[in-house]
Amino acid sequence: MNNSNQHRKLNTSSASHGASGASRTGGASSSAGRKINRSGASSASSSGAARNVYHAPSSAASSSGRTASRPAAASAAHASAHRRRKKKRSVLKTVLISLGCFFGVVAVGFFGLYQWFIYSISPEGGNPTINEIINTPTEYEKDVVNVLVCGIDYEEGRAYSGDGSNDGMTDMIMYVNFDVANHKINMLQIPRDTYPGEEYKHGNTGKINAVALHNDGIGSLMELIYEQYKLPVDYYVTIDMQSLKEIVDLFGGIEVYIPKDISYKGSTLEQGYRNLDGEAAEFFVRNRNYAQADIARLDMQRYFYQGLFTRIRTATVWDLAKLAPVALKYVETNIPMDELISMGVSFLQVDSANIMMCKLPTYSAAQRYNDQSHLICDVAKTTDLLNEYFRTYGGPVYELDVPTLATVGESTDPNVQYMGQLDTEAEAGQAAG
């Protein structure tokens, strides 16, 4: 990092620059496609006319008066044309069969590749043992899917385990309620410093982000979410946070609205609509140099999610192909292949106005836990929030089993926002230049 008095401006570019580049690339591609189609159509039309238009000899004979030789010549010509047509049809049939076989092999290959891909991002040693009682009730399982998404942070220089090793913690925890039947997605951000109680080991940190590491993996965190917050969990997805830079750079940058100037330890991002490269994006989502630290960071990260979701919706097959190696390296999930496909298709049908994000309301703890600060859930406010947005099926729950300690001050606001609102804010920022 540079001297703190001399901030380095992270590698960003204006949205208009990125958009114009995309326009030039896209324009060239579509133009080439149209040129091929025009020439192909023209060629097919002219050759088709030559093959299919024939003239009867009788009318020609009556007009010229040469009735003796023309019928025989015409008959020979007709027979020759007929043989040519049969030959051409035979060649065409062979070509079509060959093409059919080729595309069949390609389809099988892609299917096999996809199966290998899904198998590769499944957890080693099989799925964790998870009590099925935490799943969405069977009467709603086709209409609602609940997924726990966690970002595992292996940031260099941080020792998480008791032996000093860097095994990683779930520093990003998001509960995703996908209402497939009504095309809605509600997401709950859970601060990493939230107090998890003493039922689950947490390495004496007093923080929820250590539960998976110090118990039985991600399955333990899923069970905690169900037991304490009464939220069913069907599947999980874990993402190594190191993948962020690679994903953004493979996309050619992500256009993100930065709501205000951000500076920390010599790095700076200026307010505005920017095309962030991987390094700038990582700084943006990791920075917590705010008055409310992690709480404010959760709000800022939503602007990145907005840009990422927008980019994913416009991704091509080739974009996804480039991301496959990154997913194989950094992503793990227990979602079955058919379910993953179905969820992906359904996601593309959800309007941004129906994608909601909020965060768990928390207080500051009245005293430090093992010399570490942590957050305490506001149970009353959380109960109302979950009943309104995450239990639209099966009826409300009025009592949570969330552990608490003495607190100070007011609890944080859940800050309910819809992706459509963030889209509008980003568009306004783009228009402002």
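Modeller: **Helix H11 and its cover**

Asp-378 caps the N-terminal end of H11. One of its side-chain oxygens lies 3.4 Å from the backbone nitrogen of Ala-380. This is a predicted model: local features need pLDDT of at least 70, side-chain atom pairs count only at pLDDT 80 or more, and totals for chains, interfaces and linings use all residues. Residues are numbered from 1 along each chain as its sequence is written, and side-chain values use heavy atoms, with hydrogens and water left out.

H11 spans residues 379–389. Helices are DSSP runs of H or I with at least four residues, strands are E runs of at least two, and both are numbered from the N terminus. The buried residues of H11 are Thr-382, Thr-383, Leu-385, Leu-386, Asn-387 and Tyr-389. Buried means under 20% relative accessible area, with a 1.4 Å probe and protein chains only. An α-helix has 3.6 residues a turn, so residues three or four places apart point the same way.

What covers these buried residues? The cover includes helix H5 (218–229). It also includes strands E4 (169–179), E5 (184–190), E12 (355–359), E14 (375–377) and E16 (417–418).

Now the whole chain. It has 12 helices and 16 strands. Of its 433 residues, 40% count as buried. Take contacts (heavy atoms within 4.5 Å) between residues at least 6 apart in sequence: 71% join residues at least 24 apart. The accessible surface, by the Shrake-Rupley method with a 1.4 Å probe, comes to about 23600 Å². Carbon and sulfur atoms hold 54% of that surface.

Terms used: Buried < 20%, exposed > 50% of the residue type's maximum accessible area, 1.4 Å probe, protein only. Polar contact = N/O pair within 3.5 Å; in protein donor to acceptor, adjacent residues only side chain to side chain.
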